[in-house]
Amino acid sequence: MEQQTNSEVILIVEDEDVLRKTMGDELRDEGFRVLIARNGSEGLELAERERPDLILLDILMPVMDGLTMMQKLREGSEWGKKVPIILLTNMSASEDEIMHAITRDEPAYFLVKSNYYLADVVAKIRERLSAPR
Amino acid sequence: MIGTSIPNSAESGLRPLAIEEYKLALDSASDHITITDAHGIILYANRAIERTTGFSPEEVVGKKAGSRELWGGLMDRAFYDRLWTTVIRDRQSFVSELRNRRKDGTVYDASATISPILGSSGEVEYLIGIERDITHEKELERAKSAFVSLASHQLRTPPTAVSWIAERLLRERFGPISEEQRSAITSMRDTNRRMISILDALLNVSRIELGTFSITPQEHDGCSMLSSAVEEARPIALGRGVDLRFHCPGESVVFPIDEPLFLMAFGNVLSNALRYTPREGTVDVTCQRVSERTTFGGRAIAPGRWVVSVADTGFGIPSQAQSHVFSKFYRADNVRMQFADGTGLGLYVARSIVEHSGGEIWFTSREGHGTTFFIALPLSGMEPRSGPHQLVPMEMLSLSVTQDSSGDIPKDG
């Protein structure tokens, strides 16, 4: 696990067990360090404590949904304002609401889970991590 | 149906009824019935009018049918223009669904037929309007669409998970796999993508039917947009052995376009052309700005429009199928036999996008020779509309790529 100590940390906030596990395993295999949370409230706490390099955030979740978590994070701290977020959706929320949240809370990107291969999501993560912040 | 002439009761051979008996029949009808003069001023209304509109027959006589003062005024100007043109100028029956307002202000859905009655000189003397309250049916329809929408959200998580796990298997994350295993897992992954794309299409249909999708046009160059879409499809054309050509006259055509929506409509048309054209065939994509009245595929197009055409040398659409191709879930027999996997929703979605944004879509086709589709958009721009949702991108083109790679394409003649 030596190589992973220097690797970038991704927080996955997703309530679907299979999706969370599969995405987490793939990211670990790709050399990232992975943190997981099951809802926005867990995600918010973990994010503030561990300060991951990027957050993969599901939108529809129990307890606290992804858009609320993102808003709280953006309002919470200087770090929270800047951490890159990739929103994962299954087109369940109103996209206008999502687009509104994204324009308000840059930098965030929005991917439709079912339309992407895992490899595409990984590529998107790498692209975000290498982008100037 | 052309308007009926006033009957001569002596010729009908029926026992002449007293006018009161006719009135009794009309008053027991469950649909509301009005008789107006040629200007729409109500001469008679049956009792059912009170049930649908809340106005009593006595209240409406002498007023204009469907006016704002009574139950009308909710439809746009173009609707009423179409109505009057049909019944007065063309002397045809007008049949349509519409929304009206009751006396108490509540809105109801109605299905109406308005027919002209012609006098001896052939001029419209009376109009007979029959209207049925279909609010309940419309509510059921909306509930059905809302259910489809909810179900397709819920249903996409499981195939997404299967597709992701299959992807990990294919990347040998769980150890090396044999060629046979690779082929089986690839089929599994692609089948799941197909399921997702059917869900996407269903979700779009429900958003179209619920009227909840938005159109957000922005200034774009139509030519370069088409050109990149064609380039994106080129690998598929190469894989299928189809010569894909693009011709767009030099200058750029910049006007307000909702890029993702337009590309979805165009993509659905193009992917059909590529799919239903046999090896060695050609698909020609062209676009042009219409500067003087020009006929495309039998339809005269006025200046101020931008016309895109997609012409293929494919199987063509059988003549008996031509009136159905834009219908939901419709697939012509000749392609259904060869390609079991289409959803029959691509052209329905394409037409909905184009027509909701003020454009037109049509085609000409000969079975065994090929098909040409045309899309015309107003250069003043696609018409914006607001709504809480966007349509889901339909990845039909990329889907065809995965089918190619699985060697699943039938050998076309």
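Me: Is T135(B) buried or exposed?
Reply: The relative accessible area of T135(B) is 16%. The cut-offs are under 20% for buried, over 50% for exposed and partly exposed in between, with a 1.4 Å probe and protein chains only. By that rule T135(B) is buried.

Me: What kind of model is this?
Reply: Residues are numbered from 1 along each chain as its sequence is written, while chains are lettered from A and ligands numbered from 1 in the order in which they are written. Side-chain values use heavy atoms, leaving out hydrogens and water; local features need pLDDT of at least 70, side-chain atom pairs count only at pLDDT 80 or more, totals for chains, interfaces and linings use all residues, and the model is predicted.

Me: Which residues does T135(B) touch, not counting residues up to four places away in sequence?
Reply: T135(B) sits in helix 6 of chain B. Helices are DSSP runs (H or I, at least four residues), as are strands (E, at least two), numbered from the N terminus. Contact means heavy atoms within 4.5 Å. Beyond four places in sequence, T135(B) touches R102(B), Y108(B) and D109(B).

Me: How many residues of strand 3 of chain A are buried?
Reply: L54(A), L56(A) and D58(A) point one way, I55(A) and L57(A) the other, and all are buried. In a regular strand, side chains alternate between the two faces of the sheet. Strand 3 (residues 54-58) of chain A is largely enclosed by the rest of the structure, because the buried count is five of the five.

Me: Which residue of strand 3 of chain A stands opposite I10(A)?
Reply: Strands pair if DSSP finds at least two bridges between them. Strand 1 (residues 9-13) and strand 3 of chain A pair in the parallel sense over four bridges. Opposite I10(A) stands L54(A).

Me: What is the bridge partner of D58(A) in strand 4 of chain A?
Reply: Strand 4 (residues 85-89) of chain A pairs with strand 3 of chain A in the parallel sense, over four bridges. There, the partner of D58(A) is L88(A).

Me: How many residues of helix 9 of chain B are buried?
Reply: Helix 9 (residues 259-275) of chain B reaches 23 Å from first C-alpha to last, close to the 24 Å expected at 1.5 Å a residue. The expected span is 1.5 Å times one less than the number of residues. Helix 9 of chain B is largely enclosed by the rest of the structure, because the buried count is 14 of the 17.

Me: Which residue caps the N-terminal end of helix 9 of chain B?
Reply: A side-chain oxygen lies 3.2 Å from the backbone nitrogen of L261(B). A polar contact is a pair of N or O atoms within 3.5 Å; within protein, one must be able to donate a hydrogen and the other to accept it, and residues adjacent in sequence count only if both atoms are side-chain atoms. The capping residue is D258(B).

Me: What is the S to S distance of C223(B) and C248(B)?
Reply: A disulfide is a pair of cysteine sulfur atoms within 2.5 Å. The search finds two over all chains. C223(B) and C248(B) are both buried. Their S to S distance is 2.2 Å.

Me: How many residues apart in sequence are C248(B) and C287(B)?
Reply: These two form a disulfide, with sulfur atoms 2.3 Å apart. C248(B) lies in the loop between strand 8 and strand 9 of chain B and C287(B) in strand 10 (residues 282-290) of chain B, so the pair ties together parts whose separation in sequence is 39 residues.

Me: Is D25(A) buried or exposed?
Reply: D25(A) meets R28(A) in a salt bridge (3.1 Å, N to O). A salt bridge is a side-chain nitrogen of Lys or Arg within 4 Å of a carboxyl oxygen of Asp or Glu. R28(A), at 35% relative accessibility, is partly exposed. With a relative accessible area of 17%, D25(A) is buried.

Me: What is the relative accessible area of E179(B)?
Reply: E179(B) forms a salt bridge with R182(B), the closest N and O atoms being 3.9 Å apart. Both lie in helix 7 of chain B, three residues apart, about one turn. E179(B) is exposed, at 60%.
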